[in-house]
Amino acid sequence: MDFLPLFCQLQNKPVLIVGGGEVAVRKARLLLDAKAKITINAPHLEPQLMSWAEQGRLTVCAADFHPELLDGKWLVIAATNQPEVNHQVFHEANLRQIFCNVVDSPAHCSAIMPAIIDRSPLMVAISSAGAAPVLSRQLREKLEALLPQHLGQLAALAGKLREQVKLIPDKLARRRFWERLFSHERLACQLARGQQQAAEQSVAELLDEQPQSKGSVTLVGAGPGDAGLLTLSGLQQLQQADVVVYDRLVSQAVLALVRRDAERIFVGKEAGRHCVPQQAINQLLLEQARLGKQVVRLKGGDPFIFGRGGEELETLAEAGIPFSVVPGITAASGCAAYSGIPLTHRDHAQRVQFITGHDKEGNIAQEWSALAAPRQTLVFYMGLAHAARIQDALQTHGMPGHTPVALVEQGTQLSQRVVRGELQQLAELARQVKSPSLIIIGSVVTLADKLDWYGEANAIHGI
């Protein structure tokens, strides 16, 4: 982080702008909005600056820059068209430990002026640390269109209610109130239309409303790793959760999207070593929901494809706990796409099968003759430990040894590796990758030579 985002209270505080051109006008307008006490230092000034000076809104020092002007200032902006003057301002400000912004010169800035979305008292600031100001402005334009104008009124209302809401004794109940307030569609419409009396009535109803004592659980599919593959609904659930129960297959990029004050509980599992038994996970979800919390059970991939999500929901249903499911992109789809391997193709495969590498007891009993049939794609989850068995069984039941295979390690993430070869090499290939890895078998694997958009450099061919 090159610059710490910081909102400064500059009301009635002295600031200095060195420069009198159009850029100085733009900076002065922002500082006037912040109610700062502005001094403009420049031999010549734009008419707008002179007009503000005549109105008594700022002070003018019509002279060349001299360091004494910095005395007592909280912030200085260098906005001249003379680099040597701007650099002198920066140097003198540093000597006095005064924050300085030099326009269009990030290397000479101790403070950055961001692109701003003003919904006072709600403010959104966007900065690229001076590297890409046009990109910052474009992002601001997009967010301007997304953020309703009434948000400022809603934030101001929340400020007035803070002391009253503090009287609610339970911390969780207080947060529930704020969540209901900020998502209350009727209140939003009333504020937008200026219907103050109706808005006050809506707030009174919210304060009188009894929060639900029973919690709920939402199963959320985190996808195969890339945080960009998390669904919008999944992201919303992560932002609302009181508790997030997650496993080893959930990437750090996805976990970074969890609300910061949410409790995180790791129940990771590895092949041959279960950190928390499934039954204990089921009970943990029950216990947290019974405390009145909104629980997210975050699972890698999709919770209903070899994620044991159905087992967890059965436990919740039997206990009468409300639940819901947000599907995720399953590992087969994500890993195949990021490896340039279409799971189906009219010339290669008219069917795709998802197969678990082991059942509840750790066995790998399968209908091998059906799996060895031609013109299909097989995707084995959790199959590394049984790669030799898979290789032998498929060949024994008629699948050619030269059938293409791919093993995808850390699929869809920056660390993704793809090892490709033939079925007769599968056991050896499996020793080259680490869990979690997915095994894809079928002639569609050959299409990766044409379609690997993610990074052919990460693919390893043969052994």
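**Ground rules**

I worked on a predicted model, where local features need pLDDT of at least 70 and side-chain atom pairs count only at pLDDT 80 or more, while totals for chains, interfaces and linings use all residues. Residues are numbered from 1 along each chain as its sequence is written, and side-chain values use heavy atoms, with hydrogens and water left out.

**Entry 1: the sheet with β1**

I started with the strands (E, at least two residues) and helices (H or I, at least four residues), which are DSSP runs numbered from the N terminus. Two strands pair if DSSP finds at least two bridges between them. I found an open sheet of five strands here, ordered β3-β2-β1-β4-β5 with parallel pairing. Which strands stand at the edges? They are β3 (59-61) and β5 (99-102); each has a single partner strand, so one side of each is left without a neighbour in the sheet. Neighbouring strands of this sheet are turned by 20° against each other on average, direction ignored. For such angles, axes are lines fitted to C-alpha atoms (for helices over the stretch in contact), and angles run from 0 to 180 degrees between N-to-C directions.

I then looked at one pairing in detail. Strand β2 (residues 37-41) runs parallel to β3 and is joined to it by three bridges. Thr 39 has Thr 59 in β3 as its bridge partner.

**Entry 2: the sheet with β8**

I looked up another open sheet, also of five strands with parallel pairing, in the order β10-β9-β13-β8-β14. Its edge strands are β10 (263-266) and β14 (323-326), and each pairs on one side only. Inside it, β8 (residues 216-221) and β13 (residues 294-299) run parallel and are joined by six bridges. I noted Thr 218 standing opposite Val 296 in β13.

**Entry 3: salt bridges**

How many salt bridges does the whole structure hold? My search finds 19, counting a side-chain nitrogen of Lys or Arg within 4 Å of a carboxyl oxygen of Asp or Glu.

I picked out Arg 175 with Asp 242, whose closest N and O atoms are 1.4 Å apart. This pair links distant parts of the chain: Arg 175 is in helix α6 (residues 171-182) and Asp 242 in the loop between α9 (232-240) and β9 (243-246), 67 residues apart. For accessibility I call a residue buried under 20% relative accessible area, exposed over 50% and partly exposed in between (1.4 Å probe, protein chains only). Arg 175 is at 17%, so it counts as buried. Asp 242 is buried too, at 7%.

Next came Glu 205 and Arg 186, whose side chains meet in a salt bridge (2.9 Å, N to O). Glu 205 is in helix α8 (residues 196-208) and Arg 186 in helix α7 (residues 185-192), 19 residues apart. Glu 205 is partly exposed at 37%, and Arg 186 is partly exposed at 43%.

Asp 261 and Arg 259 form a salt bridge as well (2.4 Å, N to O). Is Asp 261 buried or exposed? Asp 261 has 52% relative accessibility, so it counts as exposed, whereas Arg 259 is buried at 14%. Shared partners join Arg 175, Arg 176, Glu 179, Asp 242, Arg 259 and Asp 261 into one salt-bridge network.

**Entry 4: cysteines**

I checked for disulfides, meaning pairs of cysteine sulfur atoms within 2.5 Å, and the count comes to zero. For Cys 61, the nearest cysteine sulfur is that of Cys 100, 17 Å away. For Cys 100, the nearest is that of Cys 109, 6.7 Å away. Cys 100 counts as buried because its relative accessibility is 0%.

I looked at the segment before β1 (14-18), where Leu 4 is found. Leu 4 is exposed, at 65% relative accessible area. Together with Met 1 and Leu 6, Leu 4 forms a nonpolar surface patch with about 430 Å² of accessible area.

Where is Arg 375? Arg 375 is in the loop between α14 (368-371) and β16 (377-381). Arg 375 counts as partly exposed, at 45% relative accessibility. From Leu 58, Arg 375 is 317 residues away in sequence and 78 Å away in space, C-alpha to C-alpha.

For the patch above, members have over 30% relative accessible area and no salt bridge; like charges are joined within 9 Å, and nonpolar side chains (Val, Leu, Ile, Met, Phe, Trp, Tyr) within 5 Å. Accessible areas come from the Shrake-Rupley method with a 1.4 Å probe, and for residues only the protein chains shown count as cover.
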